[in-house]
Amino acid sequence: MASTHKERIAKQKEIFRKLFTKRDEEIYRAVVRQDGYLTRVVSFLMMLAETGFYIWSIKVYGFQLPDSGWKIDIISQWLYLIVGVFSWFMFFFLWDFEKRFHGNNKKQARLLGAYYVTLLIFGSIISCTYQREGRNGYVLILVLICTYGVAMMHPVKMFTTSILFFIFYNSVCYISGILSVERSLNILEILFFLNIIGLVRYYTLCEYFSLNHKLERYTKVLEGLSFTDELTEVGNRNSLRRNWKGFVGGIHNVCIVDVDNFKEYNDTYGHLTGDFVLRSVAAALKEAFGDKSVYRLGGDEFLVITQIKEEELTKTLRQILIQLEKLTNEQQELGVGLSIGCVRGYCEEESDMRELMKKADEVLYRVKEQGKGNFAFEDLTK
C-alpha cells in the first residue's frame, strides 16, 4: 500500500516536472505550428467581427477623427479599426507561415504572442468603455477565451502574462473610474480557471506530439528492419516487392550476382569471414550502383537493377571484379570471385521484370559453366 502511494506521488511529480521542462525542438515546432493554424481561424473570425463593428460604428456615430476629442465612441471606433486591420494582416500573413518563417519557430511564436497581447489590450479597453456606458463587458471574456484557448504558451509564460494582464486591466479600470473589488475578483477567477485549462491542454498536446514523434522513429526503425537485409544492409525481398511496380515503364539492366565458391569461405575460415565476404560484396555493389539498386535475394546471391548505359555497366562490373579479387581480411587474402549474369530489356508490365530476372539467371548459369569469376551481358532490346 505504501509503495502504491509512493508511486502515485512519483507520477504526480513527473507530471509537474514535464510541465516546466524545456521541450525538444520537434515538439516545440509542432506546438507552434498548431498555434499558427488556430490563430489563422481566430484572426479570420476577428477580422470579420471587428470590420463589421467598425462599419456599424460609422453608421451610428459617423466617421470621427481623434482630434475631435477622445470620447468613448471614438475610442471604440478606432479600436475596432486597429484590431480589424491587425487581424486581416495576421490572417493573410499566416496563410503560408511555415515558408515565411523558414522554420524559425521563435519568430513565429513572437508574432503570435504580439497578436494576442494586442487582443488583450483591446479587450481590456473596449470592455472598460462598455462598462462605463452601463453595457456589459463580455468582449473581454471572449478575448481571454481566444487567447488562452488557442495560444499554447509555456506554463511560466502563461502565468506571467496573466499577472501583467491583471495589472493592466485594473489600471484601465482605475483610469476609467470603474475599478471595483468584485470585478477584479471575477477577472482573477476567470484567469485562474483559464490557466488550469491551458496547462492541461499544453501538457496533453506536448505528450501527444512526444508520443507521435517516438512512434515515427520506431516506425522508421521497424521499416528498416522489414525492408533491409540485416547482415549486408541492402534491400531484401520485401524491399524488392515494395519497389516492384516502380520498375514498370522503363528499360532496365538486371544483374544476378553470385559469390563463387562461397561455402569454402565458411568451411575454411569460419562463418565470420563468410559474413565479411557478403558485406564486402554488398558494399562494393552499393558504392557502384547506389543503395536503392541493390537487393540480397538470399544466401550468396544479389540482384542489381539499374538504368545506366551498357558501356558504363560493363566498366563498373570489371572494376568490382578487380576490387574483390584483392579483398583481404585481417591481412589474409581472400580473393573473392563473382559470377554475374546481366540482361537489358523493356519492363512494360510487372511480369516483364520476372522474365528479365529469369533471363539474367540463365546468363549467370552460362558464366558459371565457362569457369566463373566473370560476367556476361545480353541486350534483349535489339
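I call two residues in contact when their heavy atoms lie within 4.5 Å. With that settled, I opened the model, which is predicted.

**Entry 1: around L144**

I picked L144 and skipped its neighbours within four places in sequence. What is L144 in contact with then? I found L120, G149, F165, I190, L191 and L194.

**Entry 2: the core that L144 belongs to**

Next I looked up the largest nonpolar core, and it has 33 residues. L144 is among those with the most contacts inside this core, along with L119, F122 and F165. I then asked which elements give two or more residues to the core. My list reads α2 (25–61), α3 (72–93), α5 (105–132), α6 (138–150), α7 (155–176) and α8 (181–227). The largest share comes from α5, which supplies 10 residues.

**Entry 3: another core**

I also came across a second, separate core, this one of 29 residues. Among its members I noted V234, V257, V277 and F375.

**Entry 4: strand β1**

Then I checked its partners. Strand β6 (residues 338–347) runs antiparallel to β1, and 10 bridges join the two. I followed one of these pairs and saw that H252 has G345 in β6 as its bridge partner. Strand β3 (residues 301–306) also pairs with β1 in the antiparallel sense, over six bridges. And V257, my residue from the second core, stands opposite F302 in β3.

A reminder to myself: in a regular strand, side chains alternate between the two faces of the sheet.

Note on methods: Residues are numbered from 1 along each chain as its sequence is written. This is a predicted model: local features need pLDDT of at least 70, side-chain atom pairs count only at pLDDT 80 or more; totals for chains, interfaces and linings use all residues. Side-chain values use heavy atoms; hydrogens and water are left out. A nonpolar core is a set of buried Ala, Val, Leu, Ile, Met, Phe, Trp, Tyr and Cys residues joined through side-chain atoms within 4.5 Å. Buried means under 20% relative accessible area, exposed over 50%, partly exposed in between (1.4 Å probe, protein chains only). Helices (H or I, at least four residues) and strands (E, at least two) are DSSP runs, numbered from the N terminus. Two strands pair if DSSP finds at least two bridges between them.
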